[in-house]
Structure formats: C-alpha cells, structure tokens
Amino acid sequence: NIVSVYCIEHFTQLNLNFCTAVTTVYFALLLMSPFMLSLYGYAFLSQRKQHVKLAMTYLLTPIAFSYVVLILNWNKGLIFRYDAVQGYIRGPFKNITYVITAVYAIFLLYNVYQNRHMLSNRLIEVFALYPVVSVAISMIQLTHPAWLMAGTAAIATILLLYITVQGQCRILQPKVSLVH
C-alpha cells in the first residue's frame, strides 16, 4: 500500500510500467484479503463439511473474476491506469474491491448465521463485526476517495478477528495438568 501510494504521488519520477506493476500487486493482495478471511471463517465456523465444494465455488468465483479483471486491467485500464500527464486514473471497475468485500462479507455473515448455535456469543460478535467494520471503512473510502483506507480496513479487521478467535480458541482448549 505504501509503495503503491508512493508511485501514485511520484509518477513523474518513476517508470509508469513500474507504477502499474506495483499497483497491480497491491490490488492483487487487497482483493485476496477478504477471500482469505472468508476462507478462514468458513474453515473455522462451518460444521457442514459435506458442502465444501459448493462453499469453495462460492469463495473462488468472486476472486477469480476479480483477478481476470485485474489481468485485463494492464491493457484496458479497467480498475486503474497511469497517464504520463494525469498520473493515476481510476477506471470503470474502480469499485471492484468494494463489491468483492461486500460479497465475502455476505458469505461470512451467512456462515455465522448457519452455525450460530455452535458458537459462543463472543465468536458470533467478532465474525459478524468483521463485515460491518469492513463495509463501514469501505463506505468511508468510497465517499472520500482521497483518503487511503482500503489497506487499513483489510489489516485492521483481519487483526481484530485473528486475535479474538485465537484468544477464544485458547480459552476453549482443555487445561493440561503438570501434576501426575
């Protein structure tokens, strides 16, 4: 994110192909974030392992579509492009990260709802909080394009979820006695 922002701010001093490559890698990682979090949530939450193929189809379709758009972006400027005069220019699919985040948020909320009876209230809150926080930060980013919050949204929500879930898992683990 930082290197991508540097490229956007200093495009006149850098090679535009380099800037495009860096920003493409940034988008690839940014799009991967909600996918990985949803995959983690599915693996952690789901008790319906017989539906794994269907769930993987639901999880892989949005990321595959977004990566096809990202690959096509290099020649077509669908998400962004760099211009020697104007610098970074958003394309017609510029909001793909918001759409993908929303799709994965809905998937995760559905998964939480389906498995709510097997989860503690704290885990339900945390897994339900991720989509809310992520969508809220995305909406702020969408309404204020000059603010660079997409990377922050991804990292903050993942960190919050990971710390809480791992803490909850430790609480649920049986205690081992050192006394024989």
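This is a predicted model: local features need pLDDT of at least 70, side-chain atom pairs count only at pLDDT 80 or more; totals for chains, interfaces and linings use all residues.
**Burial and surface**

I started with burial: 38% of the 180 residues in the protein are buried, meaning under 20% relative accessible area, with exposed set at over 50% and partly exposed in between (1.4 Å probe, protein chains only). Residues are numbered from 1 along each chain as its sequence is written, and side-chain values use heavy atoms, leaving out hydrogens and water.

Next I looked up the accessible surface, which comes to about 10,900 Å² for the protein, 68% of it belonging to carbon and sulfur atoms. The areas are from the Shrake-Rupley method with a 1.4 Å probe; for residues, only the protein chains shown count as cover.

**Layout**

I find six helices and two strands, taken as DSSP runs (helices H or I, at least four residues; strands E, at least two) numbered from the N terminus. Along the sequence the pattern reads α-α-α-β-β-α-α-α. I also checked contacts (heavy atoms within 4.5 Å). Among those between residues at least 6 apart in sequence, 65% join residues at least 24 apart.

**Cores**

Which residues have the most contacts inside the largest nonpolar core? They are Phe27, Ile79 and Tyr82, in a core of 24 residues. A core here is a set of buried Ala, Val, Leu, Ile, Met, Phe, Trp, Tyr and Cys residues joined through side-chain atoms within 4.5 Å. Helix H2 (16-45), helix H3 (52-76), strand S1 (80-83) and helix H4 (96-114) each supply at least two of its residues. H2 gives the most to this core, with eight residues. Apart from this core I see another, of eight residues, including Leu37, Leu45, Leu108 and Phe127.

I then listed the neighbours of Ile79, skipping residues up to four places away in sequence: among them are Phe27, Val69, Leu70, Ile89, Phe93 and Ile96. Asn73, Arg90 and Lys94 also touch Ile79.

**Rings**

My ring rule: Phe, Tyr and Trp rings (six-membered ring for Trp) pair if their centres lie within 6.5 Å; planes under 30 degrees apart are stacked, over 60 edge-to-face, the rest tilted. By this rule I get seven aromatic pairs. Tyr26 and Phe27 have ring centres 5.7 Å apart and planes at 70 degrees, so this pair is edge-to-face. Both Tyr26 and Phe27 are buried. Phe35 and Tyr104 are also edge-to-face, at 6.1 Å centre to centre and 65 degrees between the planes. Phe35 sits in H2 and Tyr104 in H4, so the pair ties together parts 69 residues apart in sequence. Phe35 and Tyr104 are buried, too. One aromatic cluster that I noted is formed by Tyr26, Phe27, Phe80, Tyr82 and Tyr88.

**Ala84**

Is Ala84 buried or exposed? Ala84 is exposed, with a relative accessible area of 56%. I place Ala84 in the loop between S1 and strand S2 (87-90). Ala84 touches Phe11 and Leu16, again not counting residues up to four places away in sequence. The C-alpha atoms of Ala84 and Leu16 are separated by 7.4 Å, though the two residues are 68 apart along the chain.

**Met139**

Last stop was helix H5 (residues 121-143), where Met139 lies. Met139 has 43% relative accessibility and so counts as partly exposed.
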